[in-house]
Amino acid sequence: MLAEIRGLNEECGIFGVWGHENAAQITYYGLHSLQHRGQEGTGMVVTDGKKLKGLKGEGLVAEIFTEDAMEAMDGKSAIGHVRYATAGGGGYENVQPLLFNSQNGGLALAHNGNLVNATALKNQLEGQGSIFQTSSDTEVLAHLIKRGGFSALKDRVKTALSMVKGAYAFLIMTETELMVALDPNGMRPLSLAKLGDAYVVASETCAFDVVGAEFIRDVLPGELLIIDDEGFRSEMFAVASTTAMCTMEYVYFSRPDSNINGINVHTARKNLGKKLAEEFPFEADVVTGVPDSSISAAIGYAEASGIPYEMGLIKNRYVGRTFIQPSQSLREQGVKMKLSPVRGVVEGKRVIMVDDSIVRGTTSRRIVTMLREAGATEVHVVISSPPIKNPCFYGIDTSTREELIASEHSVEEIREIIGADTLSFLSAEGMIEAIGRTDSGALKGQCLACFTGNYPTEIYPSTIHPYEKV
């Protein structure tokens, strides 16, 4: 994926396993399959039933979990995390899972999402004497659980979860149990599977395929799963609200071999491409997609239009992360290092370039320029989602409108900026219909906040102006 140079990044992915003799190894493979959800840091906590042991660092899964490091990670259960820093910032201390020890035992937490009232809760907790070791919003939940006193952990967790707002999928592990929680809107994907006698939980179902686990079901909005050596049981900690799964999971973030709420991501993206062809038919010679997340949509557009799909852009898979820098000039150079046009495919051709989204416009402009330099006579850019006009406060690193080109410019102005002959965005209605989360034709079941500005939860002032901006 081009997340590093496009400036659109999911916060993280989580994986957990309970009751397997090779828990750490299983977690390693699970996290590796979720690496696309975060490349800045990764961590793992294991338990042998008596104590918790953690290993984490800044870097990729294969870099942190070396063979020597993994020898010490013995245990029957584990949780793991891959991270891209948004709220709370980067740094070793913010790499998850967060591990806490006390006289009553250990507690490890891993979190996918973003708590919109984290700053307000943190200020309240600090006023009551809590001392925070990180700037991560995840630590807020740990303090809320601890302040629940000496009542049963399950009750303390449910009380703490009722106080946090926003998008969250949590894994909470002690020496004797694993708790799994999804926010009442179900904004992040989270699923349960079985591996022999062990239970496995992951942000995406592609992780189950890698480790050989059999999918059981999705975790429900507002649900708390409690997994221990006796099995698992389910309780509701909140009344499920209107379902608002993040639309960008289908459009961009998730792997195409994952299923989200029963919908295959590749199929959804292919349908997005077909709907694009229906809404915006063009006369052209070839259809190409921006690797990797737009390939499925490009295939769908080609099938529906009858225009052949070709690999007009090739991704260099051997470029390291060292060139990734925040400046615009280096970001543009990064695009050139990551992608190359195939002159033999696009030269002298009218090209339809399919992409999933436009965030800042920098990458789109550079790709259009590369296609023209390779000899394309026309470049028609079609986007398999509506314009992203509004910031996301739920775990994606677009927290200000100034970062979003569509918030300040019309479609025609964006077309001029990126240098395309035409620019077309899929309608919100077409996107929802293509993905398939419909109910009697009504827009239902997805978060469209970045497109429409209608947020499924209350947005706190401290969220709009984060206490630490990355």
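**Surface, burial and a helix pair**

Modeller: The protein exposes about 17900 Å² by the Shrake-Rupley method with a 1.4 Å probe, and carbon and sulfur atoms supply 49% of that area. This is a predicted model, in which local features need pLDDT of at least 70, side-chain atom pairs count only at pLDDT 80 or more, and totals for chains, interfaces and linings use all residues. Residues are numbered from 1 along each chain as its sequence is written, and side-chain values use heavy atoms, leaving out hydrogens and water.

Biologist: What percentage of the residues of the protein count as buried?

Modeller: Buried means under 20% relative accessible area (1.4 Å probe, protein chains only). The protein has 470 residues. The share of them that count as buried is 59%.

Biologist: Which elements do the buried residues of α11 pack against?

Modeller: Helices are DSSP runs of H or I with at least four residues, strands are runs of E with at least two, and both are numbered from the N terminus. Helix α11 covers residues 295-305, and its buried residues include Ala-298 and Tyr-301. They pack against α10 (265-279), β17 (286-289), β20 (350-355) and β21 (378-383).

Biologist: How is α10 oriented to α17?

Modeller: The two helices pack with axes, lines fitted to C-alpha atoms over the stretch in contact, 8 Å apart. Their angle is about 140 degrees, on a scale from 0 to 180 degrees between N-to-C directions. Under 35 degrees counts as roughly parallel, over 145 as roughly antiparallel, 65 to 115 as roughly perpendicular and the rest as oblique, so α10 is to α17 oblique.

Methods:
Buried < 20%, exposed > 50% of the residue type's maximum accessible area, 1.4 Å probe, protein only. Contact = heavy atoms within 4.5 Å.
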